[in-house]
Amino acid sequence: MMEIEFLGHSAFALRHGEDEVLIDPYLSDSPTAPPSAQKVRPTLILVTHAHGDHVGDAVELSKRFHCPVLSTFEVAARLAKRGAETLGANIGGEFEFPFGRVKMFNAVHSSSFEDLYGVGTPSSFLVTMGDCTLFHAGDTALFGDLALVGEEADIDVAMLPVGGVFTMDVKDAVKAMKLLKAKRMVPMHYNTWKDITVSYEEMRKACDGRGFELIALKPGESLRL
Ligand code: NI
Ligand code: MN
């Protein structure tokens, strides 16, 4: 069995046995991180792009738990300078870990640190852990090549941004689900700030009858598969 805990915004902890893969750990500065965010014990951290609401506590957690941060080469290099253990990679790269595999795919977005624009390229992650295949889309607009991710694997859970403004909205996330052919959608990157407010009703209406299950986790809630 595996556990997928939503830690607010785009942060998730994927747990299987002794392994914990933490994705986009925006925790200590996040207005929506749950108290359980203080209990993370990552064995691997994945960072989709350099924006602060995705890098979050990656450096501090890497130092504390002696775990690597996997991100695009340029982002990893900068996090390494701050003292993180890193695995520099790029779109198309696939990596074996004791728990399973991680493959990096595209995202249509931007990637910059507060003081440095255009660092690396934004990415998304296909993670195989235990018997489950999960896709974390990072921050992205809708784009056709999401169909290639759908061809790569049978996706049990797709974590997709739905807040609009900086990413795709709910309407486009439903189209993304069609390309990904995923069984379940867990929405993310919404209700963190006022300008990305989305109601549950709105999501339910958009997703009803589309051939997948909408699972809107509240921060601190988990999905077990
Ligand atoms: Ni972003
Ligand atoms: Mn973001």
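Predicted model: local features only at pLDDT ≥ 70, side-chain atom pairs only at ≥ 80, totals over all residues.

Residues are numbered from 1 along each chain as its sequence is written, chains are lettered from A and ligands numbered from 1 in the order in which they are written, and side-chain values use heavy atoms, with hydrogens and water left out.

**Metal site**

- Asp-53 (OD), His-54 (NE2), Asp-139 (OD) and His-189 (NE2) coordinate the manganese ion (ligand 2) at 2.2 to 2.3 Å. Donors are N, O and S atoms within 2.8 Å of the metal (3.2 Å for Na, K and Ca); water is not among the atoms, so sites may look incomplete.
- Along the chain, the donors of the manganese ion (ligand 2) have the spacing D-H-x84-D-x49-H.
- Asp-139 coordinates both the manganese ion (ligand 2) and the nickel ion (ligand 1), which are 3.2 Å apart.
- Asp-53 belongs to helix α1 (residues 52-55) and Asp-139 to the loop between β10 (132-136) and α4 (146-152), so the pair ties together parts that are 86 residues apart in sequence. Helices (H or I, at least four residues) and strands (E, at least two) are DSSP runs, numbered from the N terminus.
- Asp-53 and Asp-139 are both buried. Buried means under 20% relative accessible area, exposed over 50%, and partly exposed in between (1.4 Å probe, protein chains only).

- An open sheet of seven strands has the order β7-β8-β9-β10-β11-β12-β13, with mixed pairing. Two strands pair if DSSP finds at least two bridges between them.
- The edges are β7 (94-97) and β13 (213-214); each has a single partner strand, so one side of each is left without a neighbour in the sheet.
- β7 and β8 (residues 100-106) run antiparallel and are joined by four bridges. Glu-94 has Lys-103 in β8 as its bridge partner.
- Helix α5 (residues 170-180) packs on the sheet and touches β10, β11 (157-161) and β12 (184-188). The direction of α5 makes about 150° with that of β11; axes are lines fitted to C-alpha atoms, for helices over the stretch in contact, and angles run from 0 to 180 degrees between N-to-C directions.

**Aromatic contacts**

- The whole structure holds three aromatic pairs. Rings of Phe, Tyr and Trp (its six-membered ring) pair if their centres lie within 6.5 Å; planes under 30 degrees apart count as stacked, over 60 as edge-to-face and the rest as tilted.
- One of them is the tilted pair of Phe-6 and Phe-12, at 5.0 Å centre to centre with 35° between the planes. Both residues, Phe-6 and Phe-12, are buried.
- Phe-97 and Phe-99 make a stacked pair, 5.3 Å centre to centre and 5° between the planes.

**Two loop residues**

- Pro-34 is in the loop between β3 (19-23) and β4 (44-46), and is buried at a relative accessible area of 9%.
- Beyond its neighbours within four places in sequence, Pro-34 is in contact (heavy atoms within 4.5 Å) with Phe-6, Leu-7, Gly-8, Pro-219 and Gly-220.
- Asp-195, in the loop between β12 and α6 (200-207), is partly exposed, with a relative accessible area of 42%.
- Leaving aside neighbours within four places in sequence, Asp-195 contacts Gly-163, Val-165 and Phe-166.
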